[in-house]
Amino acid sequence: QVQVAESGGGLVQAGGSLKLSCEVSGHYIFSSYSPGWFRQAPGKEREFVASRAWDGGNVLYGSSVNGRFTISVDNTKNTVYLQMSTLEPEDTAVYYCNAQVLGDYPYGSWGQGTQVTVSS
């Protein structure tokens, strides 16, 4: 079973940056899916943020973060990262990693998530 563990969240002022990490473990077929990030703000549905294939290709971003966030992968460490810049209070959410994403749809299990809070 594939498991994910997110880290790196915290409190940051508007305009600041944070880098999230997600370590993937368990039986995993790298060629079948891409890892990706989603987020859920209070009172809202979970939203797609970004995904990227383990070979570095097939990058996809959600419309609300395109140009401000960068997803990267390190398949030697089974880890996917999300570099977030120019953060806005609207980016405040719990950020979740999913190891089995096709397009912008998650098929894998969820981790605990990591809280990102952006103050104005």
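Is Phe48 buried or exposed, at 12% relative accessibility? Phe48 counts as buried, because its relative accessibility is 12% and buried means under 20% relative accessible area, exposed over 50%, and partly exposed in between, with a 1.4 Å probe and protein chains only.

Some ground rules before I go on. This is a predicted model, in which local features need pLDDT of at least 70, side-chain atom pairs count only at pLDDT 80 or more, and totals for chains, interfaces and linings use all residues. Residues are numbered from 1 along each chain as its sequence is written, and side-chain values use heavy atoms, with hydrogens and water left out.

Now the salt bridges. The term stands for a side-chain nitrogen of Lys or Arg within 4 Å of a carboxyl oxygen of Asp or Glu. The search of the whole structure finds three salt bridges. Arg39 pairs with Glu47, with the closest N and O atoms 2.9 Å apart. Arg39 is buried, at 6% relative accessibility, and Glu47 is partly exposed at 31%. Asp91 also meets Arg39, again in a salt bridge, at 2.9 Å from N to O. That pair links distant parts of the chain: Asp91 is in the loop between β8 and β9, Arg39 is in strand β4, and they are 52 residues apart. Strands here are DSSP runs of E, at least two residues, and helices are runs of H or I, at least four, numbered from the N terminus. Asp91 is buried, at 1% relative accessibility. Arg68 sits in the loop between β6 and β7, 23 residues from Asp91, and is buried at 14%. Through shared partners, Arg39, Glu47, Arg68 and Asp91 are joined into one network.

Next, the aromatic rings. Rings of Phe, Tyr and Trp (its six-membered ring) pair if their centres lie within 6.5 Å; planes under 30 degrees apart count as stacked, over 60 as edge-to-face and the rest as tilted. The count by this rule comes to five aromatic pairs. Tyr33 and Tyr107 make a tilted pair, 6.3 Å centre to centre, with 40 degrees between the planes. Tyr33 is in the loop between β3 and β4, and Tyr107 is in the loop between β10 and β11, 74 residues apart. Tyr33 is partly exposed, at 27%. Phe38 and Phe48 have ring centres 5.5 Å apart and planes at 70 degrees, so this pair is edge-to-face. Phe38 lies in strand β4 and Phe48 in strand β5, 10 residues apart. Phe38 is buried, at 3%. One aromatic cluster is formed by Phe38, Phe48, Tyr96 and Trp110.

A charge sits over a ring if NZ of Lys or CZ of Arg is within 6 Å of the ring centre and within 35 degrees of the ring normal. The charged end of Arg46 sits over the ring of Tyr96, 4.0 Å from its centre, and over the ring of Trp110, 4.1 Å from its centre.

Last, the backbone. Most residues other than glycine have a negative phi. Asn58 has a positive phi of about 50 degrees; it lies in the loop between β5 and β6 and is exposed at 65%. Asn78 also has a positive phi of about 50 degrees. Asn78 is in the loop between β7 and β8 and is partly exposed, at 27%.
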